[in-house]
Amino acid sequence: MNSPLASGATIGIVGGGQLGRMLAMAAARLGFRTIVLEPQADCPAAQVANAHIAAAYDDVDALAELARRCDVVTYEFENVPIDAAASLANGPVPLHPPARALEVSQDRLTEKTFLNGIGIATAGFRPVDGEAEARAALQALGGAGILKTRRLGYDGKGQARLSPDEDAAVAFRQLGGVPAILEALVDFHCEISVVAARDGKGNLAAFEPARNVHRDGILRVSSLPSGVALATEDMARAAAFRILEALDYVGVMGVEFFVMRDGAVLVNEIAPRVHNSGHWTEAACAVNQFEQHVRAICGLPLGSTARHSDCVMENLIGDDVARCAELLGEPGVVLHLYGKAEARPGRKMGHFTRLAVR
Ligand code: AMP
C-alpha cells in the first residue's frame, strides 16, 4: 500500500445495498467521498453517497468511469462479476479486497478446496454435476446432506436439505441442474463468525466472534459474548487470519464457522466484505466494521476492535420493520434502517443492537 489517502479522497463502491450504505456513512465520517455503482435507482447506498453511477456491474464504460473518478475501489457484495473485478484490478487505482477473494468466495467448490488447501477444516463435500453424481454423493456422505448450487446462493437460497429417503437426483433437478456441491450435514453445537481485517502492510485485527442464529437460512441474531470457550474463539480468529494472509487480502472479511461439540471449528463460508454478523460493532465498539474496512482500504491504521458492552444484534426482516417505533422507545437500543421503500418477506429492512446497559 502506498501512502494513506487524504481526507477528501473518493472511494468507489460496487454494489448499492445496505452494506454499501453503511460503508459510505463510515467513509463520510472520516472525510472521504463515495461513488456507488449500482443499477437500481434510489438504492440504499446511493441515498447517502456523494454520487451514483446507475449502471450494470459489468458495464465496462461505467467501471472505467468509476475508476477514473475514484482513488480506491471496493465492493459490498461477493457476486461482482469476475471480469468486472479484473478490469478494476488492472485499472488506474487499487481494488481492495483483491479480485482473487471474489473468485474464491463465488464458488462453493473453489472456496472449500481453497480452505482445505491452506489447512482449514470444512464440512465434508462432494462436487455434483449430474443426477447420478448427486445420488452417489449422498450415499458417500452417509445419506444426509445439503445440496447447494456452487454459485449465486445466499441467505439459504439455492439449497436443499436431503435425508436418506430422498432422491438426490430430483433435488439436483429442482435446483436447476446447475453445478452444485453436496455438503455433509454438520451436527454443530452453535454457529459463530469472525469479522477480521488486514491492511496493506499485513497488520491484522479481528472483532470478537459473535454467536449467530439463522432461521430459514437467513441470519436473525448475533450475540456477544459468544459464550463458546476462549480456545474455540482463538481457533476461529486464527483461521480467519490465515485466510486473510493466504489471499493477500486488504479490507474486512466475514468468516462463518460451525462450532462442534468438542469445541473444534469448521469454516462454513467466507464473505470478502463487511458482514451482517458484524453490525453489532457499530453499537458496541469505538471503531465499527465499516470504518475498519475504510481504514484498511485507504491505508490508514486499523482501529481498536475492543468491545465496550455485551450486546445482541437482531435483523429486521420484512414486516419486522413495524417494530421500529417501539424499539426506539427502549433505552440501550441502537436502530439502523436501510432506506428500503417496500418491506417484502425475507427482505432485510434494518437491524438493531440492544446494548446491555452497564
Ligand atoms: P449458507 O448459505 O451455506 O451459509 O447456509 C446458511 C445456514 O444453513 C448456515 O448458517 C447453517 O445454519 C445452515 N447450514 C449450511 N450448511 C450446513 C451444513 N453443511 N450442515 C448443517 N447446517 C448447515
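A residue is taken as near a molecule or strand if one of its heavy atoms lies within 4 Å of it. The structure is a predicted model, in which local features need pLDDT of at least 70 and side-chain atom pairs count only at pLDDT 80 or more, whereas totals for chains, interfaces and linings use all residues. Residues are numbered from 1 along each chain as its sequence is written, and side-chain values use heavy atoms, with hydrogens and water left out.

The protein is divided into domain 1 (10–95), domain 2 (124–184) and domain 3 (188–357), with bounds from an automatic or database domain assignment. Between domain 1 and domain 2, the C-alpha centres are 34 Å apart. The ligand lies between domain 2 and domain 3, because both give residues to the shell around it.

Of the 15 residues around the ligand, K148, Q159, A184, V186 and E191 come nearest. By class, this shell has six nonpolar, three polar and six charged residues; Ala, Val, Leu, Ile, Met, Phe, Trp, Tyr, Cys and Pro count as nonpolar, Asp, Glu, Lys and Arg as charged, and the others, Gly among them, as polar. Polar contacts are pairs of N or O atoms within 3.5 Å; within protein, one atom must be able to donate a hydrogen and the other to accept it, and residues adjacent in sequence count only if both atoms are side-chain atoms. An oxygen atom of the ligand lies 3.2 Å from a polar side-chain atom of R108. A polar backbone atom of V186 is 2.8 Å from a nitrogen atom of the ligand, and a polar side-chain atom of E191 is 2.5 Å from an oxygen atom of the ligand. Of the 480 Å² of accessible area that the ligand has on its own, the protein covers 94% (Shrake-Rupley method, 1.4 Å probe; for residues, only the protein chains shown count as cover).

Helices (H or I, at least four residues) and strands (E, at least two) are DSSP runs numbered from the N terminus. In helix α10 (residues 289–297), nine of its nine residues are buried, that is, under 20% relative accessible area, with exposed meaning over 50% and partly exposed in between (1.4 Å probe, protein chains only). N288 caps the N-terminal end of α10, with a side-chain oxygen 2.8 Å from the backbone nitrogen of F290. H293, found in helix α10, counts as buried because its relative accessibility is 1%.

H52, in strand β3 (residues 51–53), is partly exposed, with a relative accessible area of 28%. A polar atom of the H52 side chain lies 2.8 Å from the backbone oxygen of E38.
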